[in-house]
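Subject: Structure handover

Dear colleague,

Here is the structure you will be working with. My notes on it follow below.

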Amino acid sequence: MSASELAAAVREALSVDREAFQARAEEEAQELKAAVRAGTFDNNQAIIGLEFELYAADDRTDALRRVPRQLLERIGFEKELGLHNAEMQTSPLPLNDHGLEAQQRQLQANLAPAIERTGAEDIRLVSDGLWTVPPNGETAVEYLCDSVEQDGIRIGTNMSDSVRYHAMANTDYPSRFRLDAPHVSLEADTVMPESLITSIQPHYQVPHAPDLPEHFRYALRVAGPLLALGVNSPFFPPECYDDAHDREIVADAHMEHRIGIFESVLNPSAESDVEPKVRFPRDLDSVEEAIDRIVADPLIVPMDIDRGDRFDDRFAHIRHKHGSYWRWVRPVFDGATRSAANARIEFRPLPGQPTIRDAVAFTAVFAGLLESLPRREHPVRELDWERARENFYAAARDGLDAEMTWITGSGETTAIDELYGDLFEHARDGLELRGFSTEQAHRYIKPLRERLDRRMTPARFKHDYVRRQVRDGVPLGEAIWGMQAEYINRQRETLLEGTFIDWLA
């Protein structure tokens with residue numbers, strides 16, 4: 001799509017009557033609520049899914065690479081925000097050993113030929129939390145901030161040709177389009193700085209849709225502990241840092257900058273009277289409230305939507321609004337057919353992981369917890385929402401060094417081994433409730449349990465590398481790029497079959 005065609009499409013989207021769009025979403029909400037009450041969105045068992053994002057790097061220099069659109073289509077991957085991004089999704093499958101194993105095999109089956117095909121063009125697909133080496137011959141600031149004005153419409157030069165992405169820079173919604181992190185400040189004209197980050201997103205389909213709020217409550221309470229295990233983005237591209245001492249930058253780094261990037265780029269400023277869209281959500285009282293929240297969320301980009309042949313196209317305006325309903329944990333209502341209609345919880349805090357098996361381990365633990373905790377009426381349900389939120393942001397800052405509060409059968413605790421001992425035990429219990437043997441459950445949990453035992457996360461691995469280099473007098477930029485080379489090199493042999501723990505042998 002040419003710049004003029006893209007600008008015309010953006011202008012057309014912005015001309016849609018916002019009030020009429022909102023009215024249609026509210027009408028659809030009544031039909032959706034009726035369908036939920038009628039049992040249309042129920043399933044006879046728990047179902048899992050996983051979104052897996054990657055970015056492309058030069059196979060010789062580790063520099064960020066744009067992926068040609070035709071190549072992306074040939075390898076069967078979906079477009080994401082930046083031209084360097086790619087995404088694959090697993091098919092929804094039952095939560096049992098066969099289903100989880102099939103998800104892992106599906107990721108491996110899709111990624112193996114993709115690596116071979118992109119490798120022929122000296123492109124390496126990388127599973128990571130945040131890229132740090134800009135494209136050859138460009139700076140990171142140039143790549144993230146480059147944009148043009150075409151016929152009065154602001155177009156991000158390095159963004160995919162999705163109307164929705166480009167329309168965000170041309171609406172009245174006051175997103176800041178800036179990075180706001182310790183010793184980092186960068187302002188852009190588009191949402192492109194958000195393309196620094198990549199993620200994995202496990203999905204858990206609730207068997208009985210009206211039970212979604214109870215599962216949602218537990219998902220919020222496990223968000224901090226799971227994020228602390230998965231942190232993987234302590235550093236930015238070096239030139240993004242302000243003028244500060246290298247050691248100070250290293251000391252003040254957050255273990256998971258992805259959380260702050262997403263919030264600071266897309267949310268309004270603190271002085272705005274517009275509510276932030278990217279945030280840790282409140283508990284839900286009912287499944288109807290979950291639908292109402294999506295409908296009431298500020299509309300950024302209305303679109304002239306034609307109803308298609310999917311079952312959930314009857315809720316097309318709600319689905320469109322859901323695309324910018326950016327909560328760290330969010331409910332989803334969709335399904336291509338009536339029989340496939342489902343209510344599920346999308347878990348969004350986790351950054352990209354070093355290997356496929358690590359990503360599947362998070363899916364297994366998250367799903368196991370949502371099976372066990374509600375069924376066992378686990379006392380962490382009573383953890384104050386404010387404390388669950390504090391756990392979440394503490395985990396983003398400090399990873400496994402964060403002080404987090406948990407509740408066990410013996411009462412409240414901040415002891416990390418007690419917290420995770422209880423968490424892993426209930427993850428195992430939940431998997432066994434779905435038919436896993438104890439041995440099978442332990443196999444899926446093991447990659448994350450060993451992170452705890454070693455007090456080592458991907459972010460800590462990166463941070464320790466850079467800290468040692470800077471301590472020995474290596475300039476910060478060289479230390480960060482050396483760390484990135486080490487990360488990518490270790491991933492070459494482990495992405496498909498190994499785990500992060502293999503890096504530590």
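Strand β1 is joined to strand β2 by five bridges, and the two run antiparallel. Helices (H or I, at least four residues) and strands (E, at least two) are DSSP runs, numbered from the N terminus, and two strands pair if DSSP finds at least two bridges between them.

Before the rest, some background. This is a predicted model, in which local features need pLDDT of at least 70, side-chain atom pairs count only at pLDDT 80 or more, and totals for chains, interfaces and linings use all residues. Residues are numbered from 1 along each chain as its sequence is written, and side-chain values use heavy atoms, with hydrogens and water left out.

Strand β1

β1 covers residues 47-58, and twelve of its twelve residues are buried (under 20% relative accessible area; exposed is over 50%, partly exposed in between; 1.4 Å probe, protein chains only). Both faces are covered, with Glu51, Glu53 and Tyr55 among the residues on one side and Leu50, Phe52 and Asp58 among those on the other.

- β9, over six bridges, where leucine 50 stands opposite proline 202.
- β3 (residues 93-94), over two bridges, where isoleucine 48 stands opposite leucine 93.
- β4 (residues 123-126), over four bridges, where aspartate 58 has isoleucine 123 as its bridge partner.

Asparagine 85

Asparagine 85 is buried, at 4% relative accessible area. Beyond its neighbours within four places in sequence, asparagine 85 is in contact with residues including Leu54, Arg69, Glu80 and Thr198 (contact means heavy atoms within 4.5 Å).

Strand β11

β11 (residues 342-347) is also mostly covered, with six of six residues buried. Antiparallel pairing links β11 to β9 (residues 200-205) through three bridges and to β10 (residues 329-334) through six. Histidine 203 faces glutamate 346 in β11, and valine 329 faces phenylalanine 347.

Helices α4 and α12

α4 (residues 97-119) and α12 (residues 356-375) pack at about 150 degrees with their axes 10 Å apart. Axes are lines fitted to C-alpha atoms, for helices over the stretch in contact, and angles run from 0 to 180 degrees between N-to-C directions. The two helices are therefore roughly antiparallel (over 145 degrees). Among the residues that meet are Leu100 and Leu107 in α4 and Ile356 and Val360 in α12.

Regards

Terms used
Angles under 35 degrees count as roughly parallel, over 145 as roughly antiparallel, 65 to 115 as roughly perpendicular and the rest as oblique.
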